[in-house]
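Biologist: I have the sequence and the coordinates open. Can you walk me through this one, starting with the pocket?

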Amino acid sequence: MAFISVFDVIGPNMVGPSSSHTAGAASIALLVHKMTGGNIEKVKFTLYGSFARTYRGHGTDKALLGGIMGFEADDVRIRDSFRLADEKGLEYEFEINTEETDVHPNTVDIEITRRDAPPISVRGESLGGGACELTRINGVKIRLRGEYHALIISHQDRPGIIAAVTNILSVLDINIAYLRVYRESKGGQAFMIIESDEEIPDKAVNKIKKSISLDDIMSIKRQEV
């Protein structure tokens with residue numbers, strides 16, 4: 001009989017002992033992987049709350065590293081994520097923050113250095129049962145669960161941006177399920193998050209890039225949890 005460790009598959013859709021600390025962690029990092037298109041040179045994970053206290057025992061570190069490489073929560077490669085990251089030449093770092101307590105108990109900040117794009121920082125929370133939510137991008141409060149195909153557009157808060165983007169999507173016959181804009185202050189950094197039932201094609205992303213002056217645009221395909 002083969003030996004089965006605590007990090008083996010113990011459920012139909014999960015590798016690891018905890019839906020919150022392993023499956024949820026992997027889902028957070030996988031969303032960030034999708035946002036960046038896997039264009040990652042270096043990643044730093046800062047863990048808070050119960051993530052910080054139990055991350056080694058529950059495999060949260062393996063799950064986060066696996067997710068950032070594009071592994072789903074039930075991918076058995078999560079067991080070997082440290083070795084696989086080293087083989088890929090991915091630089092990674094884990095930092096524990098036990099001083100900041102005014103956060104969700106299962107919180108991680110993921111700081112990404114990209115090869116040909118500006119650095120990006122994302123905060124995610126594991127909600128239980130493998131579900132997760134991204135709650136900040138570059139310090140701006142947002143809400144994104146990955147339940148729909150989505151565009152995340154970083155831009156300066158100025159008139160005409162929203163109308164220009166939605167007009168392009170309308171011309172391409174892409175139906176918008178939800179559109180939300182998040183900003184810290186008038187005229188400052190803003191994030192437009194557009195969610196759709198249908199996958200948003202690359203031609204739409206490219207047309208938006210060419211037609212409108214933006215800081216960044218990222219596309220996410222719907223995450224199955």
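**Pocket, fold and loops**

Modeller: Strand E12 supplies five residues to the lining of the largest pocket, and that is the largest share. Bear in mind that this is a predicted model.

Biologist: What is the volume of the largest pocket?

Modeller: About 450 Å³. The lining has 22 residues, and those closest to the centre of the pocket are Val205, Lys209, Ile217, Met218 and Ser219.

Biologist: Which elements give two or more residues to that lining?

Modeller: Helix H1, residues 19-36, helix H6, residues 202-211, and strand E12, residues 216-220.

Biologist: And by class, how many of the lining residues are nonpolar, polar or charged?

Modeller: Nine are nonpolar, eight are charged and five are polar.

Biologist: Where does the pocket lie relative to domain 1 and domain 2?

Modeller: It lies between them, because domain 1 (13-145) and domain 2 (147-225) both give residues to its lining.

Biologist: OK, stepping back. How many helices and strands are in the chain?

Modeller: Six helices and twelve strands. The chain has 225 residues, and 49% of them count as buried.

Biologist: What about the accessible surface?

Modeller: The total for the protein chain is about 11,000 Å², with 46% of that belonging to carbon and sulfur atoms.

Biologist: And the contacts, what share joins residues at least 24 apart?

Modeller: It is 68%, taken among contacts between residues at least 6 apart in sequence.

Biologist: Now helix H3. Is it enclosed or open, and why?

Modeller: H3 covers residues 60-68, and eight of its nine residues are buried, so the helix is largely enclosed by the rest of the structure. The buried ones are Thr60, Asp61, Ala63, Leu64, Leu65, Gly66, Gly67 and Ile68.

Biologist: What follows H3?

Modeller: Glycine 70 does, and its phi is positive, near 100°.

Biologist: Which residues other than glycine have a positive phi?

Modeller: Asparagine 138 is one of them, with phi near 50°. Aspartate 173 also has a positive phi, near 60°.

Biologist: Where is asparagine 138?

Modeller: In the loop between strand E7 (131-137) and strand E8 (140-144). Asparagine 138 has a relative accessible area of 40% and is therefore partly exposed.

Biologist: And aspartate 173, where is that found?

Modeller: In the loop that runs between helix H5 (161-171) and strand E10 (178-183). With a relative accessible area of 64%, aspartate 173 is exposed, because the cut-off for exposed is over 50%.

Biologist: Asparagine 175 is in that stretch too, I think. What does it touch?

Modeller: Asparagine 175 is in the loop between H5 and E10. Leaving out residues up to four places away in sequence, asparagine 175 touches Ser196 and Glu198.

Biologist: On to the glycines. Where does glycine 128 lie?

Modeller: In strand E6, which spans residues 120-128. Glycine 128 has a relative accessible area of 23%, so it is partly exposed.

Biologist: And glycine 129, buried or exposed?

Modeller: Glycine 129 counts as exposed, at 60% relative accessibility. The residue sits in the loop between E6 and E7.

Biologist: Last one, glycine 160. Where is it found?

Modeller: Glycine 160 is in the loop between strand E9 (149-156) and H5. At 46% relative accessibility, glycine 160 counts as partly exposed.

Biologist: What separates glycine 160 from isoleucine 212?

Modeller: Their C-alpha atoms are 9.8 Å apart, and the two residues are 52 apart along the chain.

Notes. Residues numbered from 1 in each chain as written. Predicted model: local features only at pLDDT ≥ 70, side-chain atom pairs only at ≥ 80, totals over all residues. Heavy atoms only, no water. 1 Å grid on protein atoms, 1.4 Å probe; cavity = no way out; pocket = protein on both sides within 12 Å on 5 of 7 lines; lining within 4 Å. Points joined across faces, edges and corners; volume = space filled by probe spheres on them. Helix = DSSP H or I, 4+ residues; strand = E, 2+ residues; numbered from the N terminus. Nonpolar A, V, L, I, M, F, W, Y, C, P; charged D, E, K, R; others polar. Domains from an automatic or database assignment. Buried < 20%, exposed > 50% of the residue type's maximum accessible area, 1.4 Å probe, protein only. Contact = heavy atoms within 4.5 Å. Areas by Shrake-Rupley, 256 points an atom, 1.4 Å probe, with all protein chains shown as cover.
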